[in-house]
Amino acid sequence: MTSQLYAISEYPNVPEVYARLNALIRQPIRPVRRESMQAYLDYFDRRCPRSKDLTNEAQQYIPGGVQHNLAFNYPFPIAIDRADGAYLWDVDGNRYIDFLQAGGPTLLGSNYGPVREKVFELLRSCGPVTGLFHEYELKLAQLINRYMPAVEMFRMLGSGTESVMAAVRAARAFTRKRNVIKVGGAYHGWSDQMVYGLHVPGTGRMEAKGIPGSATQNTREFYPNDLGALKRLLIFNRLRGGTAAVIVEPVGPESGTRPVPFDFNQKVRELCDEFGALLIFDEVVTGFRLGLGGAQGYFGVKPDLTTFGKCVSGGYPMAGGVGGRRDVILRFAAGIGGTGERAYIGGTLSANPLSCVAGYYALLEIERTNAAVIAGQAGDRLTRGLTALVEKYGLPYAAYNQGSIVHLETSGTMLLDLKNPLRLMRELNPRKHMMEEMGAAYMASGIITLAGSRMYTSLADTDAVIDEALAGFESVFRNIVPA
Ligand SMILES: Cc1ncc(COP(=O)(O)O)c(C=O)c1O
């Protein structure tokens with residue numbers, strides 16, 4: 001064990017990251033050369049025929065042919081057959097380095113043996129669900145409390161989306177205030193009230209098709225890192241039912257794609273205290289990936305409520321939960337110890353024995369192996385290598401990381417916002433398409449990323465894996481259109 005407890009070895013130089021990102025979106029895009037892109041697309045036709053057939057057929061039965069928003073679907077989705085550690089294999093037998101890691105949860109690497117064995121044992125003795133209490137529910141809640149003392153009580157749910165819904169409901173029930181404030185661009189799941197200012201800051205209800213206006217009328221957003229705007233919203237809300245909660249991803253929206261200055265969370269904490277709002281940390285990604293103490297431990301800021309997802313069951317299904325101050329979480333109590341002012345939540349499969357046993361042993365294994373720190377070192381190596389390649393090929397791209405969360409911005413799509421609506425209208429689609437192309441080029445070179453711009457590293461990413469990935473990235477960077 002090293003003495004470092006957190007994945008981030010050095011906090012990113014935030015002004016420098018923004019200078020690079022701003023320079024990137026001021027320039028015309030630098031995608032892959034057309035003839036090389038054609039060769040990458042040919043790869044999919046040549047090497048992935050079974051994936052193509054399966055996912056073509058899936059379009060008859062599954063909307064868009066894929067069930068996962070994160071699934072790569074350009075030029076068509078790839079069907080995965082086998083997962084082990086740092087690698088995935090598709091149904092045509094092609095091997096890929098897996099930097100999607102299911103969107104973040106599998107910090108130990110895919111299909112991690114010791115946790116799988118515990119899940120098998122549990123399945124043999126009790127099956128996946130009984131609807132009644134199982135000791136692993138207690139063990140998991142106790143363990144989370146040991147790592148994150150601010151999580152005095154924990155209510156397990158089925159997903160990050162549900163956890164955020166529950167947290168906001170508890171905050172409203174507890175404070176008796178109405179509004180919730182989020183950061184523009186941040187994703188907190190797809191509940192009615194949170195599909196607001198999604199992905200692109202300032203866009204409010206742009207993605208809220210099928211959601212009544214009344215569902216989002218008490219949700220407000222502020223531009224990333226703009227503490228002045230947050231304060232103005234808190235003042236504005238005072239005469240409009242008050243602010244029940246401010247919810248943030250503590251490394252910045254979209255897993256830190258727009259990183260926050262180191263003291264940002266502390267300042268949000270102070271504003272919440274000034275206005276009597278609860279602070280919710282959405283640790284769906286950072287919970288355990290940044291270290292067992294989460295982002296709250298790393299930044300040394302105590303939220304009132306914390307939401308969990310993915311990682312809390314080590315990537316096994318039904319992953320989510322909300323924890324925090326006893327007096328707030330008790331609002332969820334039915335029966336024993338109820339407060340009489342219940343914030344209603346439920347979930348037939350919530351806290352099933354399978355999820356709890358997986359989460360319990362995944363967390364113990366993360367502790368035993370120091371996985372967060374080791375994955376963070378892999379993230380550092382990947383970022384250093386990518387930065388060197390970007391310089392070597394004279395590209396305007398930006399690589400930066402928060403430990404095992406690695407960003408490689410090549411198109412700058414995620415940096416567009418409504419402050420410059422003309423640029424947004426003109427450039428969103430071409431930049432998005434470039435992101436898709438980059439993702440396809442990486443994949444044809446043996447690397448799976450999240451949307452062509454983000455990578456999660458894991459315990460399984462040895463130096464050899466990272467170096468192999470860097471060779472793949474270099475082969476793509478050689479084929480970029482010249483300035
Ligand atoms: C920060 C954050 N919050 C909430 C969610 C929603 O979690 P789930 O997909 O489990 O509903 C996600 C999912 O990616 C997320 O990244």
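**Aromatic rings and their neighbours**

K419 lies over the face of Y223, with 4.4 Å to the ring centre. That's one spot to look at in this model, which is a predicted one.

**Y43 and F44**
- The ring centres of Y43 and F44 are 5.1 Å apart and their planes meet at 90°, so this pair counts as edge-to-face, the label used for planes over 60 degrees apart.
- Y43 has 9% relative accessibility, so it counts as buried.
- F44 is buried too, at 1% relative accessibility.

**Y397 and F477**
- Y397 and F477 make an edge-to-face aromatic pair, with 5.6 Å from centre to centre and 65° between the planes.
- Y397 sits in the loop between helix 14 (371-392) and strand 11 (398-402), while F477 belongs to helix 16 (residues 463-477), so the pair ties together parts that are 80 residues apart in sequence.
- Y397 has a relative accessible area of 0%, so it's buried.
- F477 is buried as well, with a relative accessible area of 2%.

**A cluster of rings**
- Y6, Y11, F262, Y298 and F299 come together as one aromatic cluster.

**Charges over rings**
- R82 has its charged end over the ring of W89, 3.9 Å from the ring's centre.
- Back to the opening example: K419 is placed over the face of Y223, at 4.4 Å from the ring centre.

How values were computed: Residues are numbered from 1 along each chain as its sequence is written. This is a predicted model: local features need pLDDT of at least 70, side-chain atom pairs count only at pLDDT 80 or more; totals for chains, interfaces and linings use all residues. Side-chain values use heavy atoms; hydrogens and water are left out. Rings of Phe, Tyr and Trp (its six-membered ring) pair if their centres lie within 6.5 Å; planes under 30 degrees apart count as stacked, over 60 as edge-to-face and the rest as tilted. Buried means under 20% relative accessible area, exposed over 50%, partly exposed in between (1.4 Å probe, protein chains only). Helices (H or I, at least four residues) and strands (E, at least two) are DSSP runs, numbered from the N terminus. A charge sits over a ring if NZ of Lys or CZ of Arg is within 6 Å of the ring centre and within 35 degrees of the ring normal.
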